[in-house]
Amino acid sequence: MLKQHLQLKLGQKLAPQQIQLMKLIQLHTLEFEEELERELEENPALEIAKEESKEDEYATLEDSYETEGTESIETDFDVDQYLYDDEPSYKTASSNYSSDDEEFDNESLLTEGQSLYDYLLEQIHLVNISEEDEKIAEYIIGNLDTDGYLRREIKSLVDDLAFSQGIYTTKENVEDILENYVQKLDPPGVGARGLQECLLLQIEKKVSSDKAVSLAANILRHQFDALTNKHYNKIIQKYDIEEEDLRDALDEISKLSPKVGGNFDTQTITINQEIIPDFVIQVKDGQVVPMLNSKNAPTLRVSEEYKDILSTYSHDKNSSEHKQAALFIKQKLDAAKWYIDAINQRQNTLLQTITAIVKFQKDYFLTGDEKSLRPMILKDVADITGFDISTISRVVKSKYADTPNGIIYLKDLFSDSLTNDDGEEVSTKEIKTHLQEVISKENKRKPLTDDALVVILKEQGYNIARRTIAKYREQLNIPVARLRKEL
C-alpha cells in the first residue's frame, strides 16, 4: 500500500558554474589555452578584444546606446542589463598580459621519422623466405612492443594466426621463424622475449675471439641472476678470474642496450612538447615577487555584435522569431559574462595561492638550497589563503613555476615534517637531500647499508628509523647497498 509522508533532508549540490570553475583552476597553461580556444569557438558572444583603449571602447558603446531606443517590452529578462556596461569591468573583460612579456610560440614542432615496425618490414621483405613464412614473420614483427621485445606467448601467436590470418602453423615453426629470421634483423636484440635474451643477441654479434666479450657472453648465458644481483665474488670464483677481467666483461655488457627499439619513433609523427611554467617567481632587492604567466588567456570581452542584435530586438516586441533569437542571445551573453568572470576568479585563486607559497618558502626562493625548504602541507597554504584544501590541491596539480633556480614542480615544495634532536621541525625533503648526499659520497666498493645510514644521519641530528631510511631511499630511486656495489 502506498503512503505519503514529508521528510526534511539537508543536501549540498555544486552548480554547473562551480564545477566548471574547479576544472578551470586545475588546468595548467597549455590545457587552459586549449579550453579557451574551444570556448571561443562554441560561444560567438565571447571574443578576443582588439588592441584599443577601454575608455574609447566604452565611450563608443555609451554613444550608441544613447541614440538607440530603449522602449520596454514584455519579456522574462531585462534587455537593458545586456545593452549597458554598468557592471564591474572584470565581468566583461579579462587581461592576462603585461607589456614587458615575451612572446611564446606554442606551435608544436613536427618531425617525421621511421618507426621500428617499418624498418623491420623493409628488411624482412628482402629475405629469401616463403610467402607464408613471410606473413608469419610480419605478424611477429607487428606484435613487438616499442622497445623491440616480444612480450606475447608463442602459443597465443599461433592461435591468432589461425583465427585472424587463416594461417595454420605450429608453435615450433613460429619459434623457428622468430629465431632464424626476425632475431637476425637489425638492430641486434630485436625480437627478444626478455632482457637476458636481448643482451645475448647483441653480444653474440660481436667478435667472440675477444676475451672480455667471450666472458661477458658466458656471464649473460650462465650467471645472469648473479650478475643482476651483483654477486661479483660468486662470478669471480665460478670462472676463476681476476677482478680486472670481470671489470672488462662488465664494461662490455654496459655497452649493450636493454631497449633496442628506443632509437626509433613510436609514431610516424612525433610532437615535441615543452613545459610552459604557470607562474614566474623573481627575486628583486631581497624580495620574492610571484607573478602569473601572462599567457594564461588573451583579453576577452562580450561581443558588440551580439549586443547590437539584442538592441534590435528591443524595438520589436511582437515578433516571436525575434524573441526566440533574443533568448538564444541572452544565453550566450550570460555564458560569455560568466566565463570571463570565471577566468578572473581562476587568476585570483592562482595568484593568492602562489603568493602564500612564496611567503611560506621565502628562504628557499632566496637561496635556492633545498635544505631551506620548510615543512609545508596543503592545509598550511589553505589557512593563509582562506581557500579549501581541495582548491589548493587543484591549483598545485600539474603546475610549474619559473624561478631564478630553474623550473620547479609546485608539488615538490610540499613535504611533511620531522623533529630533529634540537626539537625543531625539519622538512622530509631536507632529510632526503642529506641522505642523497651521504650515499653519493660513499665508497662504492663497500656501499652503506640502511643501518649504517641511520647512524650517520643520527650523527647529523636526524633521529629516524631504518624503515624510514628505506622508504626515503625508494622514493629517491636509490637501490639497496648490494645493488649499488661497483668494482
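1. Two strands are taken as paired if DSSP finds at least two bridges between them. The model is a predicted one, and in it strand β5 (residues 279-284) and strand β6 (residues 287-292) pair in the antiparallel sense over 6 bridges. Within this pairing, Q282 has V289 in β6 as its bridge partner. The two strands β5 and β6 form a hairpin with 2 residues between them, and D285, which sits in the turn, has a positive phi of about 55 degrees.

2. Which strand pairs with β5 in the parallel sense? That strand is β8 (residues 400-403), and the pairing of β5 with β8 runs over 2 bridges. Here F279 stands opposite A401 in β8, so that β5, whose pairing with β6 is antiparallel, has a parallel pairing with β8.

3. Helix α19 (residues 428-440) packs with helix α20 (residues 450-459) at an angle of about 120 degrees, and their axes are 11 Å apart. Angles of 65 to 115 degrees would count as roughly perpendicular and those over 145 as roughly antiparallel; α19 and α20 are therefore oblique to each other. The crossing of α19 and α20 is right-handed. The residues that meet are H434, L435, V438 and I439 on the side of α19, and L453, I456 and L457 on the side of α20.

4. Leaving aside residues up to four places away in sequence, V174 touches I136, I140, I154, L157, V158, L161 and T169. One of these, I140, is 34 residues from V174 in sequence, while the C-alpha atoms of the two are 8.5 Å apart in space.

5. Turning to the charged side chains, the count of salt bridges comes to 21. One of them joins R152 to D160, with the closest N and O atoms 2.5 Å apart. As for accessibility, R152 counts as partly exposed at 31%, and D160 is partly exposed as well, with a relative accessible area of 23%.

6. Another salt bridge brings together the side chains of R193 and E179, at 3.3 Å from N to O. Because R193 lies in the loop between α8 (171-180) and α9 (195-203), whereas E179 belongs to helix α8, this pair ties together parts that are 14 residues apart in sequence. R193 is partly exposed, having a relative accessible area of 33%, and E179 counts as partly exposed at 35% relative accessibility.

7. How far apart in sequence are the parts that the pair K211 and D245 ties together? The side chains of K211 and D245 meet in a salt bridge of 3.8 Å, N to O. K211 lies in helix α10 (residues 211-222) and D245 in helix α13 (residues 243-254), so the parts tied together are 34 residues apart in sequence. With a relative accessible area of 60%, K211 is exposed.

8. Finally, there is a case of shared partners, in which salt bridges join E35, R38, E39 and E42 into one network.

Terms used. Residues are numbered from 1 along each chain as its sequence is written. This is a predicted model: local features need pLDDT of at least 70, side-chain atom pairs count only at pLDDT 80 or more; totals for chains, interfaces and linings use all residues. Side-chain values use heavy atoms; hydrogens and water are left out. A salt bridge is a side-chain nitrogen of Lys or Arg within 4 Å of a carboxyl oxygen of Asp or Glu. Buried means under 20% relative accessible area, exposed over 50%, partly exposed in between (1.4 Å probe, protein chains only). Helices (H or I, at least four residues) and strands (E, at least two) are DSSP runs, numbered from the N terminus. Contact means heavy atoms within 4.5 Å. Axes are lines fitted to C-alpha atoms, for helices over the stretch in contact, and angles run from 0 to 180 degrees between N-to-C directions. Angles under 35 degrees count as roughly parallel, over 145 as roughly antiparallel, 65 to 115 as roughly perpendicular and the rest as oblique. A crossing is left-handed if the near helix is turned anticlockwise from the far one by less than a right angle, and right-handed if clockwise.
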